[in-house]
Amino acid sequence: MNRKLFLSYFIIVTFVLTGCGDTENTSDEREQMTDELDPAQENQPANPAGDNKLGYVRYTKDQLNNDPEKNHSVTIDRTKMANMITRIILRNDGFEEVATLVTDEEVLIAYSKSEEMDSMKAADMAKKSAVSVMPGYFDIYVSENELLMQDIQSLHNSSVQDNNYDNTINRIIKEMKKSPQGMGE
(Lines give C-alpha, C1' and ligand atoms only; values in the text may rest on other atoms or scores of the structure.)
Protein backbone atom coordinates (compact mmCIF):
# COMPACT_ATOMS: atom_id res chain seq x y z
CA MET A 1 0.00 0.00 0.00
CA ASN A 2 2.79 2.35 0.90
CA ARG A 3 4.37 1.69 -2.49
CA LYS A 4 1.13 2.56 -4.35
CA LEU A 5 0.81 5.80 -2.40
CA PHE A 6 4.40 6.74 -3.20
CA LEU A 7 3.87 5.96 -6.91
CA SER A 8 0.67 8.04 -7.00
CA TYR A 9 2.41 10.91 -5.24
CA PHE A 10 5.32 10.71 -7.72
CA ILE A 11 2.97 10.81 -10.73
CA ILE A 12 1.07 13.81 -9.36
CA VAL A 13 4.29 15.74 -8.62
CA THR A 14 5.59 14.95 -12.12
CA PHE A 15 2.41 16.32 -13.73
CA VAL A 16 2.46 19.44 -11.59
CA LEU A 17 6.11 20.15 -12.37
CA THR A 18 5.56 19.51 -16.07
CA GLY A 19 2.63 21.92 -16.04
CA CYS A 20 4.68 24.58 -14.26
CA GLY A 21 7.47 24.14 -16.74
CA ASP A 22 5.08 24.86 -19.63
CA THR A 23 3.82 27.95 -17.84
CA GLU A 24 7.38 29.19 -17.52
CA ASN A 25 8.02 28.59 -21.24
CA THR A 26 4.82 30.42 -22.13
CA SER A 27 5.87 33.28 -19.87
CA ASP A 28 9.31 33.39 -21.55
CA GLU A 29 7.70 33.42 -25.00
CA ARG A 30 5.37 36.27 -23.99
CA GLU A 31 8.31 38.23 -22.58
CA GLN A 32 10.34 37.67 -25.77
CA MET A 33 7.41 38.83 -27.94
CA THR A 34 6.95 41.91 -25.76
CA ASP A 35 10.65 42.73 -26.15
CA GLU A 36 10.53 42.22 -29.94
CA LEU A 37 7.52 44.51 -30.29
CA ASP A 38 8.79 47.24 -27.99
CA PRO A 39 9.35 50.38 -30.12
CA ALA A 40 12.24 51.40 -27.87
CA GLN A 41 14.08 48.27 -28.98
CA GLU A 42 15.44 48.73 -32.50
CA ASN A 43 17.19 45.42 -32.86
CA GLN A 44 18.80 44.56 -36.14
CA PRO A 45 18.31 40.95 -37.22
CA ALA A 46 21.40 38.86 -36.50
CA ASN A 47 21.46 37.60 -40.08
CA PRO A 48 19.51 40.05 -42.27
CA ALA A 49 20.46 38.35 -45.55
CA GLY A 50 19.25 34.96 -44.38
CA ASP A 51 16.32 36.17 -42.30
CA ASN A 52 13.18 34.63 -43.73
CA LYS A 53 10.88 35.86 -40.98
CA LEU A 54 7.92 38.07 -41.75
CA GLY A 55 7.99 41.65 -40.52
CA TYR A 56 5.44 42.45 -37.83
CA VAL A 57 5.02 45.07 -35.12
CA ARG A 58 2.16 46.04 -32.85
CA TYR A 59 2.19 49.06 -30.55
CA THR A 60 -0.21 50.77 -28.22
CA LYS A 61 -0.64 54.52 -28.14
CA ASP A 62 0.99 54.55 -24.69
CA GLN A 63 4.12 52.86 -26.05
CA LEU A 64 4.47 55.54 -28.72
CA ASN A 65 3.94 58.36 -26.26
CA ASN A 66 6.94 57.51 -24.07
CA ASP A 67 9.85 59.98 -23.94
CA PRO A 68 12.37 58.11 -26.13
CA GLU A 69 9.74 57.55 -28.82
CA LYS A 70 8.77 61.24 -28.94
CA ASN A 71 12.31 62.06 -30.06
CA HIS A 72 12.45 59.19 -32.56
CA SER A 73 12.88 60.19 -36.18
CA VAL A 74 12.46 58.13 -39.30
CA THR A 75 15.54 57.96 -41.49
CA ILE A 76 16.33 56.52 -44.89
CA ASP A 77 19.74 55.14 -45.73
CA ARG A 78 20.09 56.81 -49.14
CA THR A 79 23.09 54.72 -50.15
CA LYS A 80 21.26 51.46 -49.41
CA MET A 81 18.22 52.68 -51.32
CA ALA A 82 20.36 53.69 -54.33
CA ASN A 83 22.09 50.32 -54.16
CA MET A 84 18.77 48.46 -54.06
CA ILE A 85 17.30 50.42 -56.99
CA THR A 86 20.42 49.93 -59.10
CA ARG A 87 20.50 46.19 -58.46
CA ILE A 88 16.80 45.79 -59.26
CA ILE A 89 17.21 47.62 -62.58
CA LEU A 90 20.30 45.62 -63.58
CA ARG A 91 18.43 42.35 -62.99
CA ASN A 92 16.29 43.23 -66.02
CA ASP A 93 17.55 42.19 -69.44
CA GLY A 94 18.75 45.05 -71.60
CA PHE A 95 20.46 47.19 -68.96
CA GLU A 96 24.26 47.32 -69.09
CA GLU A 97 25.15 49.91 -66.43
CA VAL A 98 23.12 51.99 -63.97
CA ALA A 99 24.02 54.95 -61.75
CA THR A 100 21.53 56.00 -59.08
CA LEU A 101 21.60 59.01 -56.76
CA VAL A 102 19.10 59.44 -53.93
CA THR A 103 18.77 62.92 -52.44
CA ASP A 104 16.28 64.06 -49.80
CA GLU A 105 13.62 64.68 -52.48
CA GLU A 106 14.70 63.08 -55.75
CA VAL A 107 15.99 59.88 -57.24
CA LEU A 108 18.18 60.36 -60.31
CA ILE A 109 18.87 57.29 -62.46
CA ALA A 110 21.12 57.28 -65.51
CA TYR A 111 21.69 54.06 -67.42
CA SER A 112 23.11 52.48 -70.52
CA LYS A 113 20.96 49.93 -72.28
CA SER A 114 21.31 47.54 -75.17
CA GLU A 115 20.38 48.88 -78.60
CA GLU A 116 17.58 46.32 -78.90
CA MET A 117 15.76 47.70 -75.88
CA ASP A 118 13.06 50.30 -76.54
CA SER A 119 13.81 53.66 -74.88
CA MET A 120 10.31 54.08 -73.45
CA LYS A 121 10.30 50.53 -72.08
CA ALA A 122 13.73 51.07 -70.47
CA ALA A 123 12.60 54.35 -68.89
CA ASP A 124 9.42 52.70 -67.63
CA MET A 125 11.31 49.78 -66.08
CA ALA A 126 13.88 52.05 -64.41
CA LYS A 127 11.24 54.39 -63.02
CA LYS A 128 8.97 51.61 -61.79
CA SER A 129 11.93 49.98 -60.05
CA ALA A 130 12.58 53.18 -58.10
CA VAL A 131 8.88 53.74 -57.38
CA SER A 132 8.64 50.23 -55.92
CA VAL A 133 11.38 50.99 -53.40
CA MET A 134 11.07 54.67 -52.48
CA PRO A 135 8.40 56.50 -50.47
CA GLY A 136 5.82 58.22 -52.68
CA TYR A 137 6.98 61.78 -52.06
CA PHE A 138 10.23 61.29 -54.00
CA ASP A 139 10.41 62.68 -57.54
CA ILE A 140 12.06 60.16 -59.83
CA TYR A 141 13.96 61.08 -62.98
CA VAL A 142 15.53 58.65 -65.43
CA SER A 143 17.72 59.00 -68.49
CA GLU A 144 19.51 56.84 -71.00
CA ASN A 145 22.05 59.65 -71.49
CA GLU A 146 25.19 57.83 -70.35
CA LEU A 147 27.08 61.12 -69.87
CA LEU A 148 24.81 61.89 -66.91
CA MET A 149 26.29 58.94 -65.02
CA GLN A 150 29.45 61.00 -64.49
CA ASP A 151 27.42 64.01 -63.33
CA ILE A 152 25.53 61.84 -60.85
CA GLN A 153 28.77 60.30 -59.64
CA SER A 154 30.25 63.75 -59.02
CA LEU A 155 27.61 64.27 -56.32
CA HIS A 156 28.13 60.98 -54.46
CA ASN A 157 29.99 62.64 -51.57
CA SER A 158 27.54 65.53 -51.19
CA SER A 159 25.29 66.00 -48.19
CA VAL A 160 21.58 66.88 -48.19
CA GLN A 161 22.42 69.61 -45.70
CA ASP A 162 24.80 71.24 -48.20
CA ASN A 163 22.71 73.35 -50.56
CA ASN A 164 25.65 74.10 -52.87
CA TYR A 165 24.80 71.14 -55.07
CA ASP A 166 21.23 72.30 -55.87
CA ASN A 167 22.29 73.95 -59.13
CA THR A 168 23.98 70.74 -60.28
CA ILE A 169 20.93 68.65 -59.33
CA ASN A 170 18.61 71.03 -61.21
CA ARG A 171 20.87 70.96 -64.28
CA ILE A 172 20.94 67.14 -64.25
CA ILE A 173 17.14 66.98 -63.87
CA LYS A 174 16.72 69.39 -66.77
CA GLU A 175 18.89 67.12 -68.94
CA MET A 176 17.07 63.99 -67.74
CA LYS A 177 13.70 65.45 -68.72
CA LYS A 178 14.91 65.44 -72.33
CA SER A 179 14.84 61.62 -72.17
CA PRO A 180 11.69 59.47 -71.97
CA GLN A 181 10.48 59.30 -68.36
CA GLY A 182 8.27 56.20 -68.65
CA MET A 183 5.10 55.40 -66.71
CA GLY A 184 2.54 56.94 -69.03
CA GLU A 185 4.62 60.04 -69.74
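This report walks through the fold, the contacts and the surface of one predicted chain.

## Ground rules

The model is predicted, so local features need pLDDT of at least 70 and side-chain atom pairs count only at pLDDT 80 or more, while totals for chains, interfaces and linings use all residues. Residues are numbered from 1 along each chain as its sequence is written, and side-chain values use heavy atoms, with hydrogens and water left out.

## Fold at a glance

The chain comes to seven helices and three strands. Read from the N terminus, the order is α-α-α-α-β-β-α-β-α-α. Helices here are DSSP runs of H or I with at least four residues, strands are runs of E with at least two, and both are numbered from the N terminus.

Of the 185 residues in the chain, 28% are buried. Buried means under 20% relative accessible area, exposed means over 50%, and partly exposed is in between (1.4 Å probe, protein chains only).

Searching the whole structure turns up two aromatic pairs. One of them joins phenylalanine 95 and tyrosine 111, edge-to-face, at 5.2 Å centre to centre and 75° between the planes. Phenylalanine 95 sits in strand 1 (residues 95-102) and tyrosine 111 in strand 2, so the pair ties together parts 16 residues apart in sequence. Both phenylalanine 95 and tyrosine 111 are buried.

As for the cut-offs, rings of Phe, Tyr and Trp (its six-membered ring) pair if their centres lie within 6.5 Å; planes under 30 degrees apart count as stacked, over 60 as edge-to-face and the rest as tilted.

## Salt bridges

There are four salt bridges in the structure, each being a side-chain nitrogen of Lys or Arg within 4 Å of a carboxyl oxygen of Asp or Glu. One of them pairs glutamate 144 with lysine 113, with the closest N and O atoms 3.9 Å apart. This pair links distant parts of the chain: glutamate 144 is in the loop between strand 3 and helix 6 (147-153), lysine 113 is in strand 2 (residues 106-113), and they are 31 residues apart. Glutamate 144 is partly exposed, at 27% relative accessible area.

Aspartate 124 and lysine 128 make another bridge, with the closest N and O atoms at 3.2 Å. Because they are four residues apart in helix 5 (residues 119-133), about one helical turn separates them. Lysine 128 is partly exposed at 45% relative accessibility. Then there's glutamate 175 with lysine 178, where the closest N and O atoms are 2.9 Å apart. Glutamate 175 is partly exposed at 26%, whereas lysine 178 is exposed at 60%.

## Surface patches

Asp104, Glu105, Asp139, Asp162 and Asp166 form a negative surface patch. Aspartate 139 belongs to strand 3 (residues 139-143) and is partly exposed, with a relative accessible area of 41%. On the nonpolar side, Val57, Tyr59 and Leu64 make a patch of about 250 Å². Leucine 64 lies in helix 2 (residues 61-64) and is partly exposed at 32%.

Patch residues have over 30% relative accessible area and no salt bridge; like charges are joined within 9 Å, and nonpolar side chains (Val, Leu, Ile, Met, Phe, Trp, Tyr) within 5 Å. Areas come from the Shrake-Rupley method with a 1.4 Å probe, and for residues only the protein chains shown count as cover. Lys and Arg count as positive and Asp and Glu as negative, leaving out His and the chain ends; a charge is placed at NZ of Lys, CZ of Arg, CG of Asp or CD of Glu.
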